[in-house]
Each structure stands twice: as structure tokens, then as C-alpha cells.
Amino acid sequence: MKNYKWGIAGTGGIAHEFASNFNGKQSSLAAVASRTSKKAAEFAQRYEIPASYGTYEEMLTSDIDIVYVAVPNAAHYNYIKKALLADKHVLCEKAITMNLAELEDVMKIATEKNLILQEAMTIFNMPLYDELTRLIDQNKLGKLKMIQAPFGSYKEPDPKNRFFNPDLAGGALLDIGTYAVSFARYFLSSAPKVIASTMVPFETGVDEQSVTILRTQENELATVSLAFQAKMPKVGIVAFENGYLEIPDYPRAAKATLTYTDGSKETIISGASEAAFQYEIDNFTATIEGQPNKSLFLTHDVIRILDQMQKDWA
């Protein structure tokens, strides 16, 4: 059984979270790269990673199999492309790219080189969602009618931090918005169109809050509500003719409640929220070994939706 060697690109907060939770069945952390040798070495020592590099390009010449891209959003495309051209599989943090053109370019490279490319979107990897899909496929719930996907997070209103900095791809959409749109797309029967979208900007011009309506060809509707200076519960609602699913903490959900139209309830539990990174890692290596790449087409749809929303705002 092959052991896949992972290299981490970046040493920010999400990279620390990834490394501290790393526990793949067929994987090991083999390398880390940062903008300085000192930062990379400190990170490697903390997580007992054998090799550290002061440049990304140097790490790509090593014998790692997979790159986990954890640099700021605006740099994702460049890092993904370099990794694929160096014959490395890539798992990239969300949002995977800044626009659809970038994503389709790296998807083409991955296909040509027979490499796996995926976004590290927890929703597409948590076991609960597979369980909910099986439940929905039993047709007991009837037709899907409506989805609600709110996500509000309070960020200190500092124009210099990455959340509000346009040069660092700031704004709610490319941060928390990818979760909300991914949640909606997961349950929708087909790729939706943006029917209407409105945004309120922060003083730097990036989106601070927005509301968007999506509609599929099956007449399923979804609302996506985002805020960067107002907390909202991350509770997703998926409503069918015969009942609705309520999914708390939907980005890393392990539990859902199904309420039928007669008021009776059913609880569905699967997986563990704290194992979110492990599910991503194991699903990624399984895809390398032949499991269908079941999330990339969803990611493609999500990035297309984000593009449409931003065009409406312009």
C-alpha cells in the first residue's frame, strides 16, 4: 500500500490547523514551504515534518506526491499551476481560484497530466452529506423546493487585514461565501442560475454583505446570505415537499434533523466534525487510487456562480 507524501505550501492559520489534524490512512507530512526558511523550519519542527523549504519552487523538486495549497486566495492559481506542471497532485484551500477562467486552465492541465485536483471543501467530504444523499435518494421526502444557506462572521473592520483587502482577494464571498454556495449546490439537482444578487461593500470596495437567489431548471430555489460584520448561525435548511432538513454548523456538519410535515422528527448522525481534515485527506488519496473525482464538477459550478454574482455586483 503506497504512502503518499504531502507537502504544505504556506504556514498560516489554516496550514497549522491542517498539520495539527493530519491523520491520513495512507499519508504522511513530508515537507513544508514558506516565504522564509525560518518560518518553514519552525513549522516543520512544530509538526515533526522532515523537510522545510524557503521557497515553494524548491519544495516542488522534492519527492512529494501531493501539495496542499494553503497560501492566500489570490495566489492559489499560481501555486496550483506550478504544482501540476511539476507533476504533483493538488488539494487547494477554498476558494480554489479567483474565477472560472483560472479554474478551467488548471483543470485542463490536471487532465492532460492525469493528476488529481480538488478543493479542500469540507462539505464535499463530510460523511453526513453522503448519508443525507442516500436518504434523499429513497424519495420519501418528495421534490426539493427550497434551500437556505446563511453564513455570518464578524471580522474586525481593519482595511489592512486580508478579509477586507482587495489586493488579497478579500471580501465575504471568496471566504465564507464558498461554503454557503457549496452547501446549496450540493443539494440542488442541477447547476443553478443567479436570478438576483445584491451586495453592500466595505470601505475598501470588497463585499461586506450580500444576498443572492439561485434557481435551477427544476425550479428549485436557494438563498445565500453572507455577512462579514454580523454573526449568523451556520444552519442550513433544505426543504422538500414532505419535510425539511436542518443542518447546524453545516461546513463541518456531523448531525442533521429531519422534520416531516406531520411534525415528527428524525435525527441523522454520521462522522465527526473534528475529523474534517482527515476526511479530506483520505478522500483525496482514494481519488488518486481510482475513486471518481466526485467534487470537482461541483467546485466548477460553485466558482461559476461566484463569477456570476460578482458580475451582477459590478
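## Note on a two-domain predicted model

1. **Division of the chain.** The chain is divided into domain 1 (4-119) and domain 2 (123-313); these bounds come from an automatic or database domain assignment. The centres of domain 1 and domain 2, taken over C-alpha atoms, are separated by 24 Å. Domain 1 gives 34 residues to the contact and domain 2 gives 27 residues, where contact means heavy atoms within 4.5 Å.

2. **Basis.** This is a predicted model, in which local features need pLDDT of at least 70 and side-chain atom pairs count only at pLDDT 80 or more, while totals for chains, interfaces and linings use all residues. Residues are numbered from 1 along each chain as its sequence is written, and side-chain values use heavy atoms, with hydrogens and water left out.

3. **The six-stranded sheet.** This open sheet has the strand order E3-E2-E1-E4-E5-E6, with parallel pairing. Helices (H or I, at least four residues) and strands (E, at least two) are DSSP runs, numbered from the N terminus. Two strands pair if DSSP finds at least two bridges between them. Strand E3 (51-53) and strand E6 (117-119) are the edges; each has a single partner strand, so one side of each lacks a neighbour in the sheet. Neighbouring strands are turned by 25° against each other on average, direction ignored. Axes are lines fitted to C-alpha atoms, for helices over the stretch in contact, and angles run from 0 to 180 degrees between N-to-C directions.

4. **Details of that sheet.** Strand E5 (residues 89-92) pairs with E6 in the parallel sense over three bridges. Leu91 has Gln118 in E6 as its bridge partner. H2 packs on the sheet and touches strand E1 (4-9), E2 and E3. The direction of H2 makes about 160° with that of E3.

5. **Ser34.** Look at the loop between strand E2 (27-33) and helix H2 (37-46): Ser34 lies there. Ser34 is buried, with a relative accessible area of 11%. Buried means under 20% relative accessible area, exposed over 50%, and partly exposed in between (1.4 Å probe, protein chains only). Neighbours within four places in sequence aside, Ser34 is in contact with Thr11, Lys39, Ala40, Tyr53, Gly54 and Thr55.

6. **Backbone points to check.** Most residues other than glycine have a negative phi, and most peptide bonds are trans. Glu48 is not a glycine, yet has a positive phi of about 55°. Glu48 lies in the loop between H2 and E3 and counts as exposed, at 71% relative accessibility. Asn219, in the loop between E9 and E10, also has a positive phi, near 65°. Asn219 is partly exposed, with a relative accessible area of 48%. The peptide bond from Lys94 to Ala95 is cis, with omega near -15°. Ala95 sits in the loop between E5 and helix H5 (100-112).

7. **The eight-stranded sheet.** This sheet is also open, with the order E8-E9-E10-E7-E11-E12-E13-E14 and mixed pairing. Strand E8 (193-201) and strand E14 (265-269) are the edge strands, and each pairs on one side only. The twist averages 10° from one strand to the next.

8. **E12 to E14.** Strand E12 (residues 243-248) and strand E13 (residues 255-260) run antiparallel and are joined by four bridges. Gly243 has Tyr260 in E13 as its bridge partner. E13 and E14 also run antiparallel, joined by five bridges. Thr259 stands opposite Lys265 in E14. E13 and E14 form a hairpin with four residues between them. Gly263 in the turn has a positive phi of about 95°.

9. Helix H9 (residues 296-313) lies across E8 and E9, at about 55° to E8.

10. **H6 against H7.** Helix H6 (residues 127-137) packs with H7 at an angle of about 30°, and their axes are 11 Å apart. H6 is therefore roughly parallel to H7. Angles under 35 degrees count as roughly parallel, over 145 as roughly antiparallel, 65 to 115 as roughly perpendicular and the rest as oblique. Tyr129, Asp130, Leu132, Thr133 and Ile136 in H6 meet Phe183, Tyr186 and Phe187 in H7. By class, that contact has six nonpolar, one polar and one charged residues. Ala, Val, Leu, Ile, Met, Phe, Trp, Tyr, Cys and Pro count as nonpolar, Asp, Glu, Lys and Arg as charged, and the others, Gly among them, as polar.
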